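Here's a quick briefing on a few residues worth a look.

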Amino acid sequence: MGNMKKIISVVGARPNFMKVAPIHKAFKKHEDEITHLICHTGQHYDEKMSKVFFEDLELPQPDFYLGVGSGSHAEQTAKVMVEFEKILIQEKPDMVLVVGDVNSTIACSLTAKKLHIKVVHVEAGLRSFDMEMPEEVNRILTDRISDYLFVTEKSGLDNLKNEGVSIDKVFFVGNVMIDSLFYYLPKSDKSNIHIELGVEKGSYVLITLHRPSNVDTKESLEKLVHFLNVLSEQRKVVFPIHPRTKNNLGKFELLKTLSKNIILTDPIGYVDFQALTKNAELVVTDSGGIQEETTALGVQCITLRTSTERPSTVDVGTNQLIGLDLEKAETACLDVLNGNKKEGKIPELWDGKAAERIVEILHKYV
Ligand code: UD1
């Protein structure tokens with residue numbers, strides 16, 4: 001037992017939990033050689049943004065909870081670093097594994113690297129080429145200091161090559177988020193969420209919007225309300241509201257201008273949300289992960305962003321990147337609702353086995 005290895009995986013924000021869950025499961029196969037621990041930074045802390053995901057995804061209680069909470073970018077990143085450093089000094093892990101592109105991702109990878117601990121980045125190489133997105137800064141910096149880079153789609157390989165990353169560190173393994181999606185689909189199929197919300201499978205539009213570019217100014221939110229109200233004349237609209245979006249709609253007194261036909265809900269747990277995605281006629285989003293989940297499920301997706309770091313969802317999948325012009329978005333949505341669907345295929349290696357591939361590789365190197 002003397003040479004038992006230790007790996008700490010980091011989760012911070014909502015899109016991290018479903019990425020670490022399959023990795024944690026895959027590590028169990030090697031539990032006599034590798035101790036896999038989970039550190040939750042507390043970037044997201046509301047029950048509906050965090051705890052429900054641990055339950056839905058059968059994740060154990062985190063081994064470490066940093067309780068960092070919200071704040072400006074500098075505050076949040078700095079607080080995570082200060083607290084995570086203490087854990088690393090105490091635990092001396094052999095590797096730190098981070099996923100995705102949130103502030104906790106760069107904070108923890110930077111802290112580990114400065115302590116000469118190997119850094120593993122899962123979902124490496126994605127690029128939107130928009131440096132005004134905080135996530136793009138987080139992605140580029142995390143990749144630059146990572147020792148093992150696991151890539152979800154072909155574009156990631158090209159981007160890392162163009163940035164001069166040595167190919168010995170880069171592994172194209174597929175998409176751990178899709179591992180969770182496929183693993184929990186049977187559970188999602190038993191969800192009662194459609195009955196609870198009073199919508200019929202196959203004939204509603206599902207909305208998720210939380211990016212600063214869509215929800216941080218009064219002007220963009222007013223346009224958004226108009227857009228959603230128009231959609232709600234065509235179909236039932238289900239809109240689980242992210243706290244950031246809800247706060248801002250409240251601040252500009254726009255919540256009450258949303259049509260009564262829009263079903264507003266709190267953030268929804270993982271299993272119920274996948275049930276809503278799978279059975280939607282159309283999903284309208286600015287999320288990264290949902291572009292991938294709709295592509296994996298063959299569901300129509302319209303993305304309200306000017307760029308995507310996940311181009312395979314557009315090139316191969318069912319995603320349409322529309323930009324921020326909501327009149328254009330309205331036309332695109334109505335087109336889909338009139339039956340003009342975009343055909344799509346599932347990208348290479350999005351087969352539910354990415355986490356197993358990652359763990360087999362790490363097992364060799366740790
Ligand atoms: C973060 C990620 C983003 C990811 C998103 C998913 C960064 C830079 N951004 O954005 O990439 O797509 O998570 O949700 O890391 N809040 C709550 N309760 C919570 C968490 C947040 O009320 O549990 C509110 C707070 O008012 C907070 C705001 O939401 O100020 C934004 O939270 P924050 O973690 O800063 O960023 P997100 O917009 O969630």
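This is a predicted model: local features need pLDDT of at least 70, side-chain atom pairs count only at pLDDT 80 or more; totals for chains, interfaces and linings use all residues.

Helices and strands here are DSSP runs, numbered from the N terminus: at least four residues (H or I) for a helix, at least two (E) for a strand.

**K92: backbone and exposure**
- K92 isn't a glycine, yet its phi is positive, at about 45 degrees.
- Its relative accessibility comes to 63%, so K92 counts as exposed, the cut-off for that being over 50%.

**F129: backbone and exposure**
- You'll find F129 in the loop between β5 (118–124) and α5 (134–144).
- F129 also has a positive phi without being a glycine, and here the angle is about 60 degrees.
- Because its relative accessible area is 64%, F129 is exposed.

- S155 sits in helix α6, which covers residues 154–162.
- Is S155 buried or exposed? At 14% relative accessibility it counts as buried, since the limit for that label is under 20%.
- The side chain of S155 makes a polar contact with the side chain of E153, at 3.0 Å.
- Which residues does S155 touch once neighbours within four places in sequence are set aside? They are G125, L126, E309 and P311.

Methods: Residues are numbered from 1 along each chain as its sequence is written. Side-chain values use heavy atoms; hydrogens and water are left out. Buried means under 20% relative accessible area, exposed over 50%, partly exposed in between (1.4 Å probe, protein chains only). A polar contact is a pair of N or O atoms within 3.5 Å; within protein, one must be able to donate a hydrogen and the other to accept it, and residues adjacent in sequence count only if both atoms are side-chain atoms. Contact means heavy atoms within 4.5 Å.
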